[in-house]
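Q: I have a new structure open and I'd like to learn how to read it. Can you walk me through its features, starting with the words I'll need?

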Number of protein chains: 2
Amino acid sequence: MTYCIAASINEGLILVSDSRTNAGIDNVSTHGKMHAFNTTSDRKIVLLCAGNLATTQAVLEQLHRDKLKNTPINFNTVDCLSAAAAYLGHVSVEKQKQHINAEGQSAFNPSASFILAGQIGDEPHGAFMVYAEGNSITTSANTPFLQIGESKYGKPILDRFLRLGNSIDEAARCCLVSMDSTIRSNASVGPPVELLIYRKDSFSLDEYYSFEGDDDYMLQLRRCWENKLREAIAALPDLDKESAKSMQIDL
Amino acid sequence: MTYCIAASINEGLILVSDSRTNAGIDNVSTHGKMHAFNTTSDRKIVLLCAGNLATTQAVLEQLHRDKLKNTPINFNTVDCLSAAAAYLGHVSVEKQKQHINAEGQSAFNPSASFILAGQIGDEPHGAFMVYAEGNSITTSANTPFLQIGESKYGKPILDRFLRLGNSIDEAARCCLVSMDSTIRSNASVGPPVELLIYRKDSFSLDEYYSFEGDDDYMLQLRRCWENKLREAIAALPDLDKESAKSMQIDL
């Protein structure tokens, strides 16, 4: 399984991914799912990957080869993020098709999904989620984040906290809590956790972190979070016992 | 969809359920999923229901009729909660079978799952989750809660907070937050929210609450929770910028 988050807020982008892959519960290994591309200096493009590892690896390689060969469409030639997402979707569908027979069937599920995030030229920074079918969606003011993989455990904290106007450092901590909750609740999502903070217009990927399972900062974050949750629950309003009702008994 | 929680802690039981049912996203209605039985005075038995509404209604009716007819096995004759769960599992499988043909197929999915909770005689209070297949599991010291239906959104807060030694009032607030998170993240889970607090050895179902969507207490709980989360994120440790690394670029 996989869990990746991209938040696109006023101050920039936050990308977070786990590193656990598995083929069955008894075949677990570690592969980073956050990939940056060596593009021309007017752009930064980063991918997060979920789904079939053979597909995501084949897609990444094709994207790199297209760039090296300077094919007409590649990450150096696209002029906006939505064009980059459309190109990625096209490559992904092509790679999946190689494992689907004429009847539209496959011996395994080759599907993969991606988040593409970054900034190109004078365009604003942004993030797109590319579905296995090749189409894509982006963030909005109401929902300034995207998730791929095991998204449910970590969604409530994003729903409740993440807003366009958050400070980028707070939004990054919120995304790390979302990842930590998912790791705690699903054994098939695991460290190292990668975090990239991209400040808008910086064209720099220097704020990159990789946290192992026993990383001091992550342990401190988890401990502090759990203490704060306990305090929060203690501070919630008491039930008004007067408003208790009789329960309907039997049909 | 449905979301129900049962927590079984030292001080007693907390049961929470939503009331939304749907046949397709455009056919939504309201049915309570928490049902108490009028049993002999030495016991209290309460069910939470998820899955096919026709199945859960047929099961509830059968359980009531068995009790009225005083069949050899019914909720008045079982001598422990695990026997009650086994009996419920048997009735559930029988009701589902009525819609499965000789080839083991059905025109629809008749499956349903249940949580059975309560206390019988001198036995300790407890809770059992009864799978669609009729077998069941109970809680443990490590995981003192059970969930049925849309369980993922609301699981992290239970994983992080719920312990055997919690006060029952705090545990109840924690379960309400878990429900509120699920309602916020999944439109097919909705109010009224039912809450039952059962204090061990009380054999009383008097602490029962039903909260509509615009209930003052639930709105206050949500507002207070979201404020506390914002404070918690603000209080989390800052990232150590010194520990940022260079990101690997390209393959």
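This is a predicted model: local features need pLDDT of at least 70, side-chain atom pairs count only at pLDDT 80 or more; totals for chains, interfaces and linings use all residues.

Q: How does the lining of the largest cavity divide by class?

A: You sort each lining residue into its class. Here that gives 12 nonpolar, two polar and two charged residues.

Q: What volume does the largest cavity have, and which residues are the closest to its centre?

A: The volume is about 200 Å³. There are 16 lining residues, and the closest to the centre are Pro156(A), Ile157(A), Pro156(B), Ile157(B) and Ser181(B). Going up to the level of elements, α3 (155-161), α4 (168-185) and α5 (216-235) of chain A each give two or more residues to that lining, together with α3 (155-161), α4 (168-185) and α5 (216-235) of chain B.

Q: How many cavities of 30 Å³ or more are there?

A: The count comes to two. The second largest cavity holds about 40 Å³ of space.

Q: Which residues line the second largest cavity?

A: Look through chain B for this one: the lining is made of Leu13(B), Leu15(B), Lys44(B), Ile45(B), Val46(B), Ala117(B), Gly118(B), Leu196(B), Tyr198(B) and Leu205(B). In terms of class, eight are nonpolar, one is polar and one is charged.

Q: And which element gives the most to that lining?

A: That would be β6(B), with three residues. The strands β2 (12-17), β6 (43-51), β7 (112-120) and β11 (193-199) of chain B each supply at least two.

Q: Let's move to the interface. How do I put a number on it?

A: The size of an interface is often given as the accessible area lost when the parts come together. For chain A and chain B, the buried area is about 6200 Å², and carbon and sulfur atoms give 64% of it. On the chain A side, Arg160(A), Leu239(A) and Met247(A) lose the most area to chain B, together 14% of what that side buries.

Q: How many residues of each chain are in contact?

A: Counting residues is another way to read an interface. In this model, 69 residues of chain A touch 70 residues of chain B.

Q: Which elements supply the side of chain A that touches chain B?

A: Those with at least two residues there are β5 (34-36), α1 (53-69), α3, α4, β11 (193-199), β12 (207-211) and α5 of chain A. Of these, α5(A) gives the most, with 14 residues. By class, that side divides into 34 nonpolar, 10 polar and 25 charged residues.

Q: Last topic, the backbone. Where is the cis peptide bond in chain A?

A: Here you read the omega angle. The bond from Pro191(A) to Pro192(A) is cis, with omega near -5°, and Pro192(A) sits in the loop between α4 and β11 of chain A. In chain B, the bond from Pro191(B) to Pro192(B) is cis too, with omega near 0°.

Q: Which phi value does Asn70(A) have?

A: Asn70(A) has a positive phi of about 55°, although it is not a glycine. You'll find Asn70(A) in the loop between α1 and α2 (81-97) of chain A.

Key:
Residues are numbered from 1 along each chain as its sequence is written. Chains are lettered from A and ligands numbered from 1 in the order in which they are written. Side-chain values use heavy atoms; hydrogens and water are left out. On a 1 Å grid over the protein atoms alone, a cavity is a set of points where a 1.4 Å probe fits but cannot get out, and a pocket is an open set with protein on both sides within 12 Å along at least five of seven lines; lining residues have an atom within 4 Å of a point. Grid points are joined across faces, edges and corners, and a volume is the space filled by probe spheres set on the points. Helices (H or I, at least four residues) and strands (E, at least two) are DSSP runs, numbered from the N terminus. Ala, Val, Leu, Ile, Met, Phe, Trp, Tyr, Cys and Pro count as nonpolar, Asp, Glu, Lys and Arg as charged, and the others, Gly among them, as polar. Contact means heavy atoms within 4.5 Å. Buried area is the accessible area (1.4 Å probe) that two parts lose on being put together, summed over both.
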